[in-house]
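Here is a short briefing to read alongside the model.

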Amino acid sequence: MLLLLLTGLGLGLMAERKLQRRALSWMLLAQLAEQLGERIRCTSAPLAVVWQELAMCSELQRLPLLRGAVATDDVRHALREAVAASADEMALTADDACLLTEFVDGCGTADVAGEVLRCRQYAVQFRERSVQARAEAAHRGRLYITLGFCGGSMAALLLGG
């Protein structure tokens with residue numbers, strides 16, 4: 001009976017953790033977009049080099065998106081594939097993945113001023129998603145934990161007699 005209770009509680013905690021992971025991912029993606037814009041503004045390095053430099057930043061190394069995706073010259077294609085591969089790990093919804101893919105697809109398509117502006121605009125959108133995800137994690141996270149505990153308790157009572 002205790003095992004069923006703990007299983008339900010564990011499932012609730014996993015669901016809550018996924019919501020927190022999504023909020024953290026959007027915060028890191030906002031930092032990535034801001035730093036990308038700044039590096040594009042400050043340097044005249046090719047886009048592949050800028051992405052490689054960002055992948056080496058200690059705070060951005062927690063993003064699964066950057067793991068191995070920037071080791072090629074065709075950064076856009078590699079990042080597009082990395083978005084699809086790491087969306088689950090970053091706990092992104094389908095809509096989230098579309099926004100991130102849109103950001104990646106537009107990289108390097110404008111002049112320096114346009115690229116900096118575009119990065120700043122996406123950073124604002126990513127921060128808004130982070131705030132929304134944090135609020136959702138705070139509200140729904142407690143709900144999932146409670147539902148997991150109650151579900152485990154119910155199963156233990158029904159099966160345990």
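Helices here (H or I, at least four residues) are DSSP runs, as are strands (E, at least two), and both are numbered from the N terminus. With that in mind, Ser-25 sits in helix 1. Please note that this is a predicted model, in which local features need pLDDT of at least 70 and side-chain atom pairs count only at pLDDT 80 or more, while totals for chains, interfaces and linings use all residues. Residues are numbered from 1 along each chain as its sequence is written, and side-chain values use heavy atoms, with hydrogens and water left out.

- Ser-25 is buried, with a relative accessible area of 7%; buried means under 20% relative accessible area, exposed over 50%, and partly exposed in between (1.4 Å probe, protein chains only).
- Leaving aside residues up to four places away in sequence, Ser-25 touches Leu-63, Met-90 and Leu-92, where contact means heavy atoms within 4.5 Å.
- Moving on to helix 2 (residues 47–55), its buried residues are Ala-48, Val-50, Trp-51, Leu-54 and Ala-55.

**How helix 3 meets helix 4**

- Helix 3 (residues 75–86) packs with helix 4 (residues 94–105) at an angle of about 175°, and their axes are 9 Å apart.
- This makes helix 3 roughly antiparallel to helix 4.
- On the helix 3 side, the contact is made by Arg-76, Leu-79, Arg-80 and Val-83, and on the helix 4 side by Ala-97, Leu-100, Thr-101, Val-104 and Asp-105.
- Sorted by class, the contact of helix 3 with helix 4 has 5 nonpolar, 1 polar and 3 charged residues.
- For the geometry, axes are lines fitted to C-alpha atoms, for helices over the stretch in contact, and angles run from 0 to 180 degrees between N-to-C directions.
- Angles under 35 degrees count as roughly parallel, over 145 as roughly antiparallel, 65 to 115 as roughly perpendicular and the rest as oblique.
- For the classes, Ala, Val, Leu, Ile, Met, Phe, Trp, Tyr, Cys and Pro count as nonpolar, Asp, Glu, Lys and Arg as charged, and the others, Gly among them, as polar.

- Ser-86 belongs to helix 3 and counts as buried at 4% relative accessibility.
- Not counting residues up to four places away in sequence, Ser-86 touches Pro-64 and Leu-65.
- Ser-86 and Leu-66 are 20 residues apart in sequence, and their C-alpha atoms are 9.4 Å apart in space.
- Ala-91 is found in the loop between helix 3 and helix 4, and it is buried, with a relative accessible area of 5%.
- Do check the backbone here: Ala-91 has a positive phi of about 60° although it is not a glycine.
- As background, most residues other than glycine have a negative phi.

**Residues of helix 5**

- Leu-117 lies in helix 5 (residues 112–160) and counts as partly exposed at 48% relative accessibility.
- From C-alpha to C-alpha, Leu-117 is 9.9 Å from Glu-34, with the two 83 residues apart in sequence.
- Arg-118 is also part of helix 5, and it counts as buried at 12% relative accessibility.
- Arg-118 touches Glu-102, Phe-103, Gly-106 and Cys-107, not counting residues up to four places away in sequence.
- Arg-118 and Glu-34 are 84 residues apart in sequence and 9.8 Å apart in space, C-alpha to C-alpha.
- Ala-113 is in helix 5 and counts as exposed, at 55% relative accessibility.
- Ala-113 and Ile-40 are 73 residues apart in sequence, with 8.9 Å between their C-alpha atoms.

**Cysteines**

- How many disulfides are there by the distance rule? The count is 0, with a disulfide taken as a pair of cysteine sulfur atoms within 2.5 Å.
- The sulfur of Cys-119 is too far for a bond, because the closest cysteine sulfur, in Cys-107, is 5.9 Å away.
- Cys-119 counts as buried at 0% relative accessibility, whereas Cys-150 is partly exposed, with a relative accessible area of 42%.
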